[in-house]
Amino acid sequence: MPGSRVLLVDDETVFTKNMSKLLTYRGYKVIAVNSGDAAIRELEQADFDVIVLDLKMPGMDGITTLKEIMKLGLFTETLILTGHGSIDTALEAMKLGAYDYLTKPCEIDELVAKIEAAWEKKEGKE
Amino acid sequence: MATPKDAGTRGPDTVPAPDMAAQRKANYARLFRKFVWLTILCSLAPLLLVGWGINLHYTRFARERMLNFFETQVDYHRKIIEMFLNEHSSKLQLIAQTHTRDEIIEPGALQTAFEIFNKDLWTLTDLGVIGEHGYHLAYAGPYDLWSRNYSKEFWFAQVMQKGLYISDMFMGFRKEPHFIIAVTQSNGDQKWILRATINTEAFRSLVENVRIGKTGQAYLLNAEGVFQTSPRLSGAIMEKSTYPIGSYHEGIQIRSLEGLKDADGKERPLQIACQAWLKNPRWLLVVKQDYSEAFGDVNYANTWTLIFLHVSALSILIVSVLITRHMITIVKRRDAEADRLNDQLMQAGKLASIGELSAGVAHEINNPLAIILTERQLLLDAANHFPMSGPEFKEQFDDSLSQVDIQIQRCKRITQNLLRFSRRTESLIETVDLNAFMREVVDLMDREARSSGIKFFTELDPALPPLLSDPSQLQQVFLNLITNAIDAHAGKPYGSVRLITRADSQRQLAEVHVADTGSGISPAHLSRIFDPFFTTKAVGKGTGLGLSIVYSIVKRLGGTISVQSEPGTGTEFTIVLPYTPPKELRESLAEGHHAKM
């Protein structure tokens, strides 16, 4: 839903910048960070409806970041976005509590649809 | 998109390299020799050693027995002869010593003594008393010898000198072979001789009646080698023998005689002879027999034992060679099987490592693609929100973004292929009606095939039951194969692709044949078609992953793939799939499905 708060986590700065713009054009409030540590810090300071999390990142990778996010006990739903396309890793992420996954490159409309679905689930939980 | 291959091939099975094959052949030959030598060492050698040893021992024992028999014969007959001569000598001496000359020459006295002598056996031919002058003083016997003077005879001087004399065989006045025993006796100054002529027939029977086989004979020789009895086979009494008598010796002597000639000059084969000298007279008793007859039984047993032994040894050798050859065949078969498994393992390993690499490459490409896609989307958003500078710019802008989208989708397909190859795509096991599935695939590809002048023919086995398999991956497999089959007709105006399904209910397997009438695959490409990134197509026409994906999917689904091809004629792929997928695949999928739920 436009107005939802989205935390975009990806080590590709150009990708996060562009995706932030695209989501912002579509009415989302987007904060983009480029590492797992930064994502945790943001989550500790502000509430988000949906997190879009890349799996393969230097330093704290997506799976570790997801584990830390789950430790925070938030209502936020997490979408896994990966260029690796690894079903195994994505499934592992879903076992840990991620809502769904997408593979790069994905159309903006596809991402928006997943964000909406995640938001609805999160709203349902609340 | 499947990777087209322009040539025919066989499966991933390979044969050893030529130098390795030669080395392996040498190893088999070495192994064969080792087995055979080991068999010889462990079974043949002991058998032959024991066999030869027993045979040698038996032969020696049997020969010793035969020689003992000869010695016994000679000893026995020598004793008989000596006993005969001693008995007659003693009797003559007894008569001479118990009678005076006058008493013995009284009419009837000598005749009485002669009759007493011959009472039991007719061993004397005659008996005479001879005076010092050499004439008979008395005579009992069949001959008229009164007028004969013996003083000049060879034996007369001998008996006068020795007191007892046994002569050799001689003809004498009676002109027939005979010998005498004579003793002297003195009564005061009168010296006389009591002479007995031994019945030659009776004496000779003691020796000549000895019968030993067909070639055995016994005879007596005097010190000059003259027969004193008639030999049974060759020669006659008083003839000179060819037997090499040698010098006098005590006891019994065994001799082997080779090249000995008969009296008629005929050469005898090897003979075994046993001889013993009599003390008085110096006669040599000889018992001899042809070697071949004497040891015939031994040689016969010996020969058959050795034949049996060597036939047994040969049988063992033949059996061991056959067994060894059979074992080597088994080893070769197992090696070939191991090679095949190694090849499969290597192929799987190669695919796995390239799969990892592909996954990494796909990821690295996907990230920039994702950025390009976002940039395109941003431009589209911007175009919607901000005015364009003119219609020509807008047209070019739209064209360029459209081309960007086309190329992104192309790259995406390539990365998806890479990821599919690296088994990163999702699988789902469902019930698949393979026949219906094949019809769908044909429908899907029919338009493309028609445009290339290709017709589909299907032979679908109605007995084929539904399989448990992954329809999306199967679709990928058959789309790749059919695409390849269509592309293999490049340059041909028309052709066909035949799709055949067969059920092997006994082994719970489904067979699918995809055969085309295309250009076939050259032998040089035979072993490489399943290798990732191998293609003979022009650059940009294919990634070379099509058949690698097919291979990895079929393997993953628990099946096998093989191929036959003839350049210029066509190619036929055969895929065999189990009715149910491997347990490990089902488990991994069940786990994934559970996670998603």
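Strand S3 (residues 164–166) of chain B is joined to strand S4 of chain B by three bridges, and the two run antiparallel. In this pairing, B:Leu164 stands opposite B:Val183 in S4(B). This is a predicted model.

S4(B) covers residues 180–187. Six of its eight residues are buried, so the strand is mostly covered. S4(B) also pairs with strand S5 (residues 190–198) of chain B. Eight bridges link S4(B) and S5(B), again in the antiparallel sense. Here B:Gln185 stands opposite B:Trp192 in S5(B). A hairpin of S4(B) and S5(B) has two residues between the strands. In that hairpin, B:Gly188 takes a positive phi near 70°.

The loop between S3 and S4 of chain B holds B:Lys175. B:Lys175 has a phi near 60°, a positive value in a residue other than glycine. Is B:Lys175 buried or exposed? B:Lys175 is exposed, because 7 other C-beta atoms lie within 10 Å and a residue with 12 or fewer counts as exposed.

**Around strand S9 of chain B**

Strand S9 of chain B spans residues 284–290. Six of its seven residues are buried, so S9(B) is largely enclosed by the rest of the structure. Which strands pair with S9(B)? One is strand S6 (residues 217–221) of chain B, antiparallel over five bridges. Another is strand S8 (residues 271–277) of chain B, antiparallel over seven bridges.

A hairpin of six residues joins S8(B) to S9(B). B:Pro281 lies in this loop between S8 and S9 of chain B. The peptide bond from B:Asn280 to B:Pro281 is cis, with omega near 5°.

Another loop runs between S6 and strand S7 (252–257) of chain B, and B:Met238 lies in it. Phi of B:Met238 is near 75°, positive although the residue is not glycine. B:Met238 counts as partly exposed, because it has 17 C-beta neighbours inside 10 Å. Most residues other than glycine have a negative phi, and most peptide bonds are trans.

| Strand pair | Sense | Bridges |
|---|---|---|
| S3(B) and S4(B) | antiparallel | three |
| S4(B) and S5(B) | antiparallel | eight |
| S6(B) and S9(B) | antiparallel | five |
| S8(B) and S9(B) | antiparallel | seven |

**Chain A**

Chain A has five helices and five strands. From the N terminus on, its elements run β-α-β-α-β-α-β-α-β-α. Of its 126 residues, 46% count as buried. Among the contacts in chain A with a separation of 6 or more, 61% are between residues 24 or more positions apart.

The five strands form an open sheet with parallel pairing. Their order in the sheet is S2-S1-S3-S4-S5 of chain A. Strand S2 (29–33) and strand S5 (100–103) of chain A stand at the edges, each with a single partner strand, so one side of each is left without a neighbour in the sheet. From one strand to the next, the twist averages 20°.

Strand S1 (residues 5–9) of chain A pairs with S2(A) in the parallel sense over five bridges. A:Arg5 stands opposite A:Lys29 in S2(A). Helix H1 (residues 13–25) of chain A packs on the sheet, where it touches S1 and S2 of chain A. The direction of H1(A) makes about 175° with that of S2(A). Helix H3 (residues 62–72) of chain A lies across S1, strand S3 (50–54) and strand S4 (77–82) of chain A. H3(A) runs at about 155° to S3(A).

Chain A also has a cis peptide bond, from A:Lys104 to A:Pro105, with omega near -10°. A:Pro105 is found in the loop between S5 and helix H5 (108–125) of chain A.

**Confidence**

The model scores ipTM 0.85 and pTM 0.48. Chain B averages a pLDDT of 84, and 89% of the residues score at least 70. Among the elements of chain B, S3(B) has the highest mean pLDDT, 95. Helix H12 (residues 583–596) of chain B has the lowest, 55. Over residues 1–15 of chain B the pLDDT is below 50, and this stretch has 64 contacts in the model beyond near neighbours in sequence. Residues 592–597 of chain B also have a pLDDT below 50, with six such contacts.

Notes. Residues numbered from 1 in each chain as written. Chains lettered and ligands numbered in written order. Predicted model: local features only at pLDDT ≥ 70, side-chain atom pairs only at ≥ 80, totals over all residues. Buried ≥ 20, exposed ≤ 12 C-beta atoms within 10 Å, placed from the backbone. Helix = DSSP H or I, 4+ residues; strand = E, 2+ residues; numbered from the N terminus. Pairing = 2+ DSSP bridges. Contact = placed C-beta atoms within 7 Å. pLDDT = per-residue confidence, 0-100. Axes fitted to C-alpha atoms, helices over the stretch in contact; angles between N-to-C directions.
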